[in-house]
Amino acid sequence: VIRRSTCAPVSLYAHANTLTFCTLSTLSSMTSTTMLFSRGAQMTTTFASHHQNNNTFKSGKSSSIVTRRQGSTSSFTSQKLARKSRRTLVLNASESSSSVEKLRFLSPQEVKQVREEFGTPVYVYDLQTLKNQAESAKAFPNAYGLTVRYAMKASPNGSILKTFLNEGLHIDASSGYEVERAVKAGFTYDQISLSTQDFPDFFDRLVEKGLKVNACSLSQLEKFGEKFPGKEIGLRFNPGLGSGGTGKTNVGGPSSSFGIWYELLPKCQELVAKYNLKVERIHTHIGSGSDPAVWQKVSGMSLDLCEKFPDVVSLNLGGGYKVGRMSGEKSTDLSLIGEPVKVAFQEFAKRTGRELKLEIEPGTFLLANSCSVVSTAQDIVETGTSEGHTFIKLDCGMTEVLRPSLYGAQHPLINVTSQGELSSKTKKYVVVGHCCESGDLMTPAPDEPETISERELGEINIGDLVVIEGSGAYCAGMSSKNYNTFPEAPEVMKTNAGEFKVIRKRQTVDQILANEVMI
C-alpha cells in the first residue's frame with residue numbers, strides 16, 4: 001500500500017520475471033510494459049504477454065489485462081499482500097477524492113421535484129443523453145458498413161430498448177430471455193444477436209424466427225449443427241487476450257470462460273464441416289472498461305480468424321469502451337480507436353478481396369452517464385474515536401447500485417439540500433447503503449470493495465438528497481434485487497420537454513411475495 005503523501009508517484013513494471021518499483025518519470029522511457037497507475041492508496045498490476053509475441057500495453061486507471069505467455073499467465077496483485085487487513089485499511093478524503101462532483105443533467109430543483117413526485121430511491125434517465133450517445137456510437141469509423149448493437153444487459157428497460165430501436169440500433173442479447181424481452185419492446189428477431197453462457201433449451205424456436213446465434217463453445221456449436229445443419233451461424237472466439245476495468249469485467253484470456261479458445265480453431269472447422277454450417281460472423285469481446293490499445297490489438301487478431309472462414313461477411317468486435325464516471329476519469333474516444341480498425345478492414349479487403357461489415361456492442365458507453373439515482377440521506381451516525389468516521393446512511397444501496405460493493409467502482413455523489421440547493425460547505429463522509437450488510441458501501445476505495453474510503457461532499461443533514469451519478473449501466477439491470485425485502489425502485493425518464501415520466505413503477509411487497517407458495 002502506497003500513500004501519495006509519503007512518496008513520489010509510482011508504478012510497477014515487469015521485465016524478465018522481476019518486479020521493480022520506479023517513478024513515473026523513469027517509467028516513461030521503458031518499453032514492453034503493462035502498468036496500472038496508483039489510485040488513492042491502492043495499486044493493482046497484472047503482467048503478461050500476448051500469446052504470439054512479447055507486446056504489452058499501457059493501461060489507464062483501473063484496468064486489468066490478462067494475456068497468455070507460453071501456456072501460462074503471470075500476475076502480481078498487491079491486494080493479496082494486504083488481504084488479511086483489508087477491513088482495517090481506510091483512505092481519507094484527501095487520498096480518495098480531491099474535488100466535489102457536480103450534477104450531470106438534473107438541476108438541484110429538479111432533484112427536489114423528483115423526490116416530491118416519485119419518492120426515493122428512484123432511477124432517473126435522460127432521454128437526450130441516450131440519443132446523443134446513440135448518435136456517437138453510430139459515428140464509429142468503419143470501412144464497409146456498421147451495425148451498432150445495444151448490449152441490453154446494461155439496462156433492459158423496455159422504454160430504453162424502444163429509444164434505441166427508434167435510433168436505428170440493433171440488439172446484443174446475453175440470454176434467451178433477453179431475446180424475448182427485446183422482441184416485446186419492438187425489435188424483430190433478425191435484429192437480435194445472441195451470445196450466451198447458458199444456451200437456452202428453446203433456442204431452436206428463436207432461430208426459426210430469425211434470431212442470429214453466435215456459438216460460444218464447442219458444445220453450443222454441436223447443438224446448433226445437430227438442429228440446423230447447413231444453416232448460417234456466428235462463432236465467438238476467446239482470442240487469448242483480455243482487458244477490463246476490473247478482473248471481474250475481463251472476459252478474455254485463459255482465465256475467462258467466454259468464447260471458444262482460439263487454439264480450438266481446428267475443432268471448430270471440423271464441426272462446421274461436419275454439419276455443413278456457413279460461418280457468416282466472427283465475434284470477439286474482451287471485457288468491459290477495456291484498454292483501447294488492447295482492444296485495437298484484438299481487432300487485428302479477429303480479422304485473422306475471419307480469414308479462416310471464407311463465408312464471413314461481418315466481424316463483431318464487442319464493446320466494453322471505457323467510460324469515465326468521476327470527474328478526471330477519461331473516456332475512450334471512439335473515433336480515435338476506430339480509425340486504425342477501419343484501416344485494418346481496408347487492408348483485409350485488399351489482401352482477401354472481402355469487404356467485411358463491422359459490428360460493435362456498446363452498453364456502458366450508451367448508458368453509464370445517462371442515469372442518476374436520487375436518494376435520501378435517512379440517517380447520520382458517527383464513530384467517536386480518533387480513527388472514526390461520519391457515516392451517511394442512504395435509503396438505497398446495493399439493491400440499486402451494486403457496482404461499488406462488487407467492483408469497488410467509483411460513482412459521483414452530490415448532495416442537494418431538502419430545499420433543492422447545493423451545499424456551500426463541505427465535509428468528509430463515508431457513505432453506506434440501507435442493507436444489513438457491511439459490504440453495502442457506496443464509497444469504497446477505488447477497485448477495492450472491502451476498503452472504506454471517505455469522500456469530500458457537500459455538508460449533509462438528515463433528509464437531504466444524495467444523487468448517485470453514472471448509474472445507467474449495470475445498476476437497475478444488475479442490482480441485488482429484494483435483499484432485505486426492499487422493493488425495486490422505480491425508473492423515470494426525463495423527456496426532451498423536461499417532463500418526468502415513469503417507465504417502471506415502484507415494486508410493492510405483495511409483488512415481491514407473488515410467486516411464493518406456502519406449505
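Which residues does T120 touch, not counting residues up to four places away in sequence? Keep that in mind while you set up the view. This is a predicted model.

**Whole chain**

Start with everything shown as a cartoon. The protein chain has 519 residues, and buried residues make up 56% of them. Colour by secondary structure and you will find 15 helices and 25 strands. Now look at how the contacts run along the sequence. Take contacts between residues at least 6 apart: 70% of them join residues at least 24 apart.

**Stop 1: T120**

Select T120. Its place is the loop that links helix 4 (108–118) to strand 5 (122–126). Is T120 buried or exposed? T120 counts as buried because its relative accessibility is 17%, and the cut-off for buried is under 20%.

Next, show everything around T120. Leaving out residues up to four places away in sequence, T120 touches R115, V374, S375, T376, D395, L465 and R506. Two of these deserve a distance label. The side chains of T120 and T376 are joined by a polar contact of 2.7 Å. A polar contact of 2.6 Å runs from the T120 side chain to the side chain of D395.

**Stop 2: the largest nonpolar core**

Select Y150 and I282. These residues have the most contacts inside the largest nonpolar core, which has 91 residues.

Beyond four places in sequence, I282 touches L235, F237, S302, L305, C306, F309, V312, S314, L315 and N316.

Then move to a second, separate core. This one has 15 residues, including L103, V111, I414 and V492. As background, nonpolar side chains tend to be buried together in soluble globular proteins.

**Stop 3: helices 9 and 10**

Select residues 218–227 for helix 9 and 265–274 for helix 10. How do these helices pack? Their axes are 10 Å apart, at an angle of about 5 degrees. Helix 9 is therefore roughly parallel to helix 10, since angles under 35 degrees count as such.

Now show side chains at the contact. From helix 9 come L218, L221 and E222; from helix 10 come K267, C268, L271, V272 and K274.

Technical notes. Residues numbered from 1 in each chain as written. Predicted model: local features only at pLDDT ≥ 70, side-chain atom pairs only at ≥ 80, totals over all residues. Heavy atoms only, no water. Axes fitted to C-alpha atoms, helices over the stretch in contact; angles between N-to-C directions. Helix = DSSP H or I, 4+ residues; strand = E, 2+ residues; numbered from the N terminus. Parallel < 35°, antiparallel > 145°, perpendicular 65-115°, else oblique. Contact = heavy atoms within 4.5 Å. Core = buried A, V, L, I, M, F, W, Y, C linked by side-chain atoms within 4.5 Å. Buried < 20%, exposed > 50% of the residue type's maximum accessible area, 1.4 Å probe, protein only. Polar contact = N/O pair within 3.5 Å; in protein donor to acceptor, adjacent residues only side chain to side chain.
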